Amino acid sequence: MEDYKNRIGATGRLDMALAAAYQFANVAILAIIVFGDVAEASDSIKRLVAFSAVITSITAWIFTSNGLKAAELSVKDMSAEEAATASGKNGSKQPWMIYQIYALGITVATIAVTLTAIY
């Protein structure tokens with residue numbers, strides 16, 4: 001069982017690291033839009049940048065959501081001794097659903113702002 005918990009924890013950390021990498025890619029795409037003057041580019045370039053921005057945002061949200069879910073489930077799977085620790089008490093009080101809604105809201109906002117900047 002301990003190996004399983006370690007694997008789940010590692011997967012959650014990996015998901016969050018990948019989400020951070022995709023968020024960095026979002027910033028890079030925004031820099032391309034601003035400094036590359038994509039609004040004045042041809043339609044095919046606009047579509048390429050828009051597609052990349054949307055897919056990157058959605059992928060970042062998937063990894064973020066999976067990482068948050070792994071963290072939430074690890075808190076639920078704690079033993080009584082683990083739940084009694086300060087970390088366990090803190091984890092059980094986290095508003096996991098609010099974090100999920102926030103991550104989704106940021107994703108939608110990023111897509112909307114990026115597409116507005118392109119078109």
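Student: What pattern does the protein follow along the sequence?
Tutor: Reading along the sequence, you get α-α-α-α-α. Keep in mind as we go that this is a predicted model.

Student: And how many helices and strands is that?
Tutor: The secondary structure comes to five helices and zero strands.

Student: OK, what about overall dimensions? What box do the C-alpha atoms fill?
Tutor: Along the principal axes, the C-alpha atoms fill a box of roughly 60 × 25 × 15 Å. The radius of gyration is 18 Å, while a compact globule of 119 residues would have one near 14 Å.

Student: How much of the protein is buried?
Tutor: Buried residues account for 27% of the 119 residues.

Student: Which residues make up the largest nonpolar core?
Tutor: There are seven: Ile-29, Ile-33, Val-38, Val-49, Ala-50, Ala-53 and Ile-118. Helix H1 (2-35) and helix H2 (43-76) each supply at least two residues of this core. The largest share comes from H2, with three residues.

Student: Let's pick one of those. What is Ala-53 in contact with, leaving aside its neighbours within four places in sequence?
Tutor: Ala-53 is in contact with Asn-26, Ile-29 and Thr-114.

Student: Why does Ser-57 count as buried?
Tutor: Because its relative accessibility is 2%, and buried means under 20%.

Student: So what does Ser-57 touch, not counting residues up to four places away in sequence?
Tutor: Ser-57 touches Asn-26, Thr-107, Thr-110 and Ile-111. Asn-26 is also among the contacts of Ala-53.

Student: How far apart are Ser-57 and Thr-107, in sequence and in space?
Tutor: They are 50 residues apart in sequence, yet their C-alpha atoms are 5.7 Å apart in space.

Student: And across the whole protein, what share of contacts join residues at least 24 apart?
Tutor: Counting contacts between residues at least 6 apart in sequence, 82% join residues at least 24 apart.

Student: Last topic, charges! How many positive and negative side chains are there?
Tutor: The protein has 9 positive and 10 negative side chains. The centres of the two sets lie 5 Å apart.

Conventions:
Residues are numbered from 1 along each chain as its sequence is written. This is a predicted model: local features need pLDDT of at least 70, side-chain atom pairs count only at pLDDT 80 or more; totals for chains, interfaces and linings use all residues. Side-chain values use heavy atoms; hydrogens and water are left out. Helices (H or I, at least four residues) and strands (E, at least two) are DSSP runs, numbered from the N terminus. The radius of gyration is taken over C-alpha atoms; the globule rule is 2.2 Å times the number of residues to the power 0.38. Buried means under 20% relative accessible area, exposed over 50%, partly exposed in between (1.4 Å probe, protein chains only). Contact means heavy atoms within 4.5 Å. Lys and Arg count as positive and Asp and Glu as negative; His and the chain ends are not counted. The place of a charge is taken as NZ of Lys, CZ of Arg, CG of Asp or CD of Glu. A nonpolar core is a set of buried Ala, Val, Leu, Ile, Met, Phe, Trp, Tyr and Cys residues joined through side-chain atoms within 4.5 Å.
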